[in-house]
Amino acid sequence: FLAGWEINLFFEKKLASPKLKIKIKDAGANPEKDNLAEFLTLEAARAVWRAIDFCKKKKLSEIPSEALLYFSLEEWARADFVFLRALLDIKEIKKELWLYLESQKGEKFSEKLSDDSQKVILTALKITQKNNRERITPGDIVTCQSRIDPTFKKYLVLANLSPEDIE
């Protein structure tokens, strides 16, 4: 039992949360130079990786923010709880996002974030800094998307909610 706990502790501290090269408060000042991927939690990094992998298979020239939203909803452990409390149908939102993503066609893959995706990551970084946390979570990405993604905005309007209600 104790050995299992130590292995889990090692994984959580060393592998899932490696030491950052710069402090989060200094990140984002020069986004072209800073590697903001370092500031993602394991779950957020997995969501971004899955979005990239999906776009690679579809040969998309950019990684759209809808892919970040879809896979962040998949990876965010609290998503079902938050959406249930907000009376939003997460399955319907994910279904609509998936249909949109599946309809996208590409010719040559590029591991470039779209302008909206870049805006989402930078805004999520600011939320993380404001909340004095070290890492960006999938929840931060979803919160940012509530202000950017038209599909998500539509569901918020239908439920008479604002982006602040998702925070």
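**Terms and basis of the model**

A residue is called buried when its relative accessible area is under 20%, exposed when that area is over 50%, and partly exposed in between, using a 1.4 Å probe and protein chains only. By this definition Trp98, at 31% relative accessibility, counts as partly exposed.

The structure is a predicted model, in which local features need pLDDT of at least 70 and side-chain atom pairs count only at pLDDT 80 or more, whereas totals for chains, interfaces and linings use all residues. Residues are numbered from 1 along each chain as its sequence is written, and side-chain values use heavy atoms, with hydrogens and water left out.

**Overall architecture**

Of the chain's 167 residues, 40% count as buried. The chain exposes about 10,500 Å², of which carbon and sulfur atoms supply 54%; accessible areas come from the Shrake-Rupley method with a 1.4 Å probe, and for residues only the protein chains shown count as cover. Contact here means heavy atoms within 4.5 Å. Among contacts between residues at least 6 apart in sequence, 65% join residues at least 24 apart.

**The nonpolar core**

A nonpolar core is a set of buried Ala, Val, Leu, Ile, Met, Phe, Trp, Tyr and Cys residues joined through side-chain atoms within 4.5 Å. The largest such core has 41 residues, and those with the most contacts inside it are Leu73, Phe83, Leu88, Ile93, Ile141 and Phe152. At least two residues of this core come from each of several helices, among them helix 2 (42-58), helix 5 (90-103) and helix 8 (150-158).

Apart from its neighbours within four places in sequence, Ile93 is in contact with Leu73, Phe83, Leu88, Phe152 and Tyr155.

**Aromatic pairs**

The structure holds 5 aromatic pairs. Rings of Phe, Tyr and Trp (its six-membered ring) pair if their centres lie within 6.5 Å; planes under 30 degrees apart count as stacked, over 60 as edge-to-face and the rest as tilted. Phe54 and Phe71 form a tilted pair, 6.0 Å centre to centre with 50 degrees between the planes. Phe54 lies in helix 2 and Phe71 in helix 3, 17 residues apart, and both are buried.

The rings of Tyr70 and Trp98 have centres 5.2 Å apart and planes at 40 degrees, so this pair is also tilted. Because Tyr70 lies in helix 3 and Trp98 in helix 5, the pair ties together parts 28 residues apart in sequence. Tyr70 is buried, with a relative accessible area of 12%. Ring pairs link Phe54, Tyr70, Phe71 and Trp98 into a cluster.

Notes:
Helix = DSSP H or I, 4+ residues; strand = E, 2+ residues; numbered from the N terminus.
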